[in-house]
Amino acid sequence: MAKFKVSADIGGTFTDIVVEDDAGEVRIGKVPTTKENPALGVLQGIGQLVGDPSEIDFFVHGTTVGLNAFLERRGAKTMLIMTGGISDTYTIARGHREELYKLHYRKPEQLVPRRNVHEVRERLAWDGSVITELAEEDLAPIIEKAKAEGFQAIAVCLLHAYTNPAHELRAREILKAALPDVSVSLSHQVAPEWREVERASSTVMDAYVAPVVELYLNTLKAELAKSGMEKTVHVMGSSGGVMTDRLAKERPIATLMSGPVGGSIGGCELARRTGLQNLLCVDMGGTSFDLSLVIDGQPEMTSETVLEGLPLLMSIVSIDTVGAGGGSIAWVEAGGLRVGPQSAGSFSGPVSYSRGGTEPTVTDANLFLGRLGDDSLLDGKMKLDSEATRKAMERLGSEIGLSDRELAEGILAISNAKMADAMRTITVGQGIDPREFTLVAFGGAGPMHAVELARELDMTQILIPRFPGTFSAWGMLQSDIRHDLVASHIGVMSAVDEKELGASFADLEKQGRERLREENVAEGAMAFARAVDLRYEGQEYSIAVPLEDGDTLADMLDRFHALYERRYGHSQPESETEIISLRLAATGQFEHGGKEASFTPEDGEPQVGTRDVIFDGETHSTPILKRARLVPGKPMASPAIIEEESATTVVPPGYTITIDTCGNMLVAAGESA
């Protein structure tokens, strides 16, 4: 019986399915996302590609359920419990303004209002020693309020709990005994690091999305089991690894960036296969535009992030997101054209989808300018309505005195400018020269805009991976099980005891092994990567310094100074350095099939027709090519429209197109000799 590995990426518009069989052959599919119950879309896609779910040997999926619950503010009704005397810490937060000169600045709205932040008497010293025992009677009125007002989740963040979790554990024990149906999140498990504001914010976020994520995962698992799939359900984590659904329910905050991360991990696999070690990955779907960097073949990681102004402590692949996608709606404000961030989604969708949409979108603009054809999507399985699109363009254009053609070009220009600005933020804004990177574009809409985005940043090489419309789902199949652990270890480096440091790392590795064993990872498949957070004395923020076997304290410092100079343009080797935290990434490696699979083109003539396409205000008679029929190693000149099931690639004049042996498409500036 054939066995399949299956991944599903549940996006705002489409759910992408990738199926890989025992021989490494890959099949893909797209179905509209069923927002009322995302599990239904997953089951529909699996049914189309696999047939019998009982033949699935491994299943992983990325989900934005938790992230969307936060963004749309429809998470659980949550309460926060903090140490007596510091409960205003969460509400006051840092008090700084992200935009100094914004006259109408408003502080980000927190998930728990001040009236729902409560105190308990207890106190730990910075080293975890007990100053005041937990006053258990203080929890009684909190429990009564939770019952009376219908709270669904409670976050517990006690001072210095990351050094001694005893009080938090006892608080949970009491709360769960009285409130068995209420989710309880503890700060020492969610974010075992110093900084009370960020730790409290992270714990609240975990509690806020927990019931939503748990309900979704339970529903998905039950639906899959009913259809015959009894295998463990895996979830993509924000740190670039996968975890079982059980552990995802225990730490739902780790799934927030579950979907977009798959593209970054896919980028790392592309770097391994192609030898292109520095990649700027852009994922343009129907709703959002996600960006990430692969540097020296590894994803750029961070130990903290900010979502809509709220700080979070978590190990995460560094991903930036802007509201720009194929479904971004064009609209008029004060007589000027705007595009996004509102999205038409899959229902009612762009005008061209004929599902009730009336406002033109980026996808409609591409159709009007000839970059898409009526039969371009899903190999013609999904028809587009160019006549309805033309009428919508005329209607909106007349409001602001533009012709339909000028409006369509304006929509793309505004959308591209917004995305290019985001690309500059994560490259030029961080001292990185984007011209030294290859642009990797994927998502259903990414390849349509890739070349023009590269041109905005003077990038000369673009890579469109095989199956770009489902690339994030494919990247999930390249992932391993991963758990990130952290321990605070504050002190100056000149006074660090190497034996004590080694013992702390050994304890983290022991915890990592236990977690991997819980997920049935064999000892021989386990791997552990160490890092330390260092900073110059007196500074607020630190840099994560990766460690290698046998590193001495001097090696750590040398690497820190080099990383600091790379990021900030200078370093201070003569200054005292502080160590803040120890980090350990515990991974359980899977067998990934098809890694060296070569691409064999289908029989048939690549060119299937021509179409008038507008580039830079001029109409070009442009060949329409089927990507599956393109021969590897044979350069082609642009302009060209390359169509495939999951995406359409648009290449303006002045570029050379080549297919490599793995089926990736390389687009380079300049015409072939």
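In which strand is the place of Pro 341? In this predicted model, Pro 341 is found in strand β20, which spans residues 336–343. The peptide bond that leads from Gly 340 into Pro 341 is cis, with omega near 0 degrees. A cis peptide bond also joins Ser 638 and Pro 639, where omega is about 10 degrees. Pro 639 belongs to the loop between β29 (636–637) and β30 (640–643).

Positive phi values occur at several non-glycine positions. Asp 296, although not a glycine, has a positive phi of about 55 degrees. This residue sits in the loop between β14 (289–295) and β15 (298–299), and Asp 296 counts as partly exposed because its relative accessibility is 49%. For Asn 520, likewise not a glycine, phi is positive at about 60 degrees. Asn 520 is placed in the loop between α15 and β24 (526–536); with a relative accessible area of 72%, Asn 520 is exposed.

The packing of helices was examined for two pairs. Two packed helices are described by the angle between their axes and the distance between the axes. For helix α1 (residues 38–49) and helix α7 (residues 196–226), the axes come within 9 Å and cross at roughly 30 degrees. An angle under 35 degrees counts as roughly parallel, so α1 is roughly parallel to α7. The crossing in which α1 passes α7 is right-handed. On the α1 side, the contact involves Pro 38, Ala 39, Val 42, Leu 43 and Ile 46, which meet Tyr 216, Leu 220, Glu 223 and Leu 224 of α7. By class, the residues of this contact of α1 with α7 comprise eight nonpolar, no polar and one charged.

In the second pair, helix α4 (residues 139–149) packs against helix α5 (residues 166–178) at an angle of about 40 degrees, and their axes are 11 Å apart. The arrangement of α4 relative to α5 is therefore oblique. The crossing of these two helices, α4 and α5, is right-handed. Leu 139, Ile 143 and Lys 147 from α4 meet Ala 171, Ile 174, Leu 175 and Ala 178 from α5. Six nonpolar residues, no polar residues and one charged residue make up the contact of α4 with α5.

The largest nonpolar core contains 109 residues, and the members with the most contacts inside it are Val 6, Phe 59, Leu 80, Tyr 90 and Val 532. Helix α7 supplies the largest share of this core, 12 residues. Another core, of 65 residues, lies apart from it and includes Leu 337, Leu 625, Ile 659 and Met 665. Beyond its neighbours within four places in sequence, Phe 59 is in contact with Val 6, Ala 8, Val 42, Ile 46, Leu 220, Leu 224, Met 229, Thr 232, Val 233 and His 234. Among these partners of Phe 59 are Val 42 and Ile 46, which also take part in the contact of α1 with α7.

His 234 lies in strand β11 (residues 233–236) and is buried, at a relative accessible area of 9%. With residues up to four places away in sequence left out, His 234 touches Phe 58, Phe 59, Val 60, His 61, Val 242, Met 243, Thr 244, Ile 481 and Phe 590. His 489 is located in strand β23 (residues 481–492) and counts as buried at 12% relative accessibility. Apart from neighbours within four places in sequence, His 489 is in contact with Glu 500, Leu 501, Ser 504, Ile 579, Ile 580, Ser 581 and Leu 582.

A further buried histidine, His 449, has a relative accessibility of 1% and belongs to helix α13 (residues 446–456). Nine of the 11 residues of α13 are buried, so this helix is largely enclosed by the rest of the structure; among the buried residues are Met 448, His 449 and Glu 452. Outside four places in sequence, His 449 is in contact with Met 284, Val 362, Asn 366, Leu 412, Asn 416 and Met 419. The C-alpha atoms of His 449 and Ala 522, 73 residues apart in sequence, are 44 Å apart in space.

Glu 498, in helix α15 (residues 498–518), is partly exposed, with a relative accessible area of 45%. Thr 552 and Leu 553 are in contact with Glu 498 when neighbours within four places in sequence are left aside. Glu 498 and Thr 552 are 54 residues apart along the chain, and 8.2 Å separates their C-alpha atoms.

Terms used:
Residues numbered from 1 in each chain as written. Predicted model: local features only at pLDDT ≥ 70, side-chain atom pairs only at ≥ 80, totals over all residues. Heavy atoms only, no water. Axes fitted to C-alpha atoms, helices over the stretch in contact; angles between N-to-C directions. Helix = DSSP H or I, 4+ residues; strand = E, 2+ residues; numbered from the N terminus. Parallel < 35°, antiparallel > 145°, perpendicular 65-115°, else oblique. Left-handed = near helix turned anticlockwise from the far one by under 90°. Contact = heavy atoms within 4.5 Å. Nonpolar A, V, L, I, M, F, W, Y, C, P; charged D, E, K, R; others polar. Buried < 20%, exposed > 50% of the residue type's maximum accessible area, 1.4 Å probe, protein only. Core = buried A, V, L, I, M, F, W, Y, C linked by side-chain atoms within 4.5 Å.
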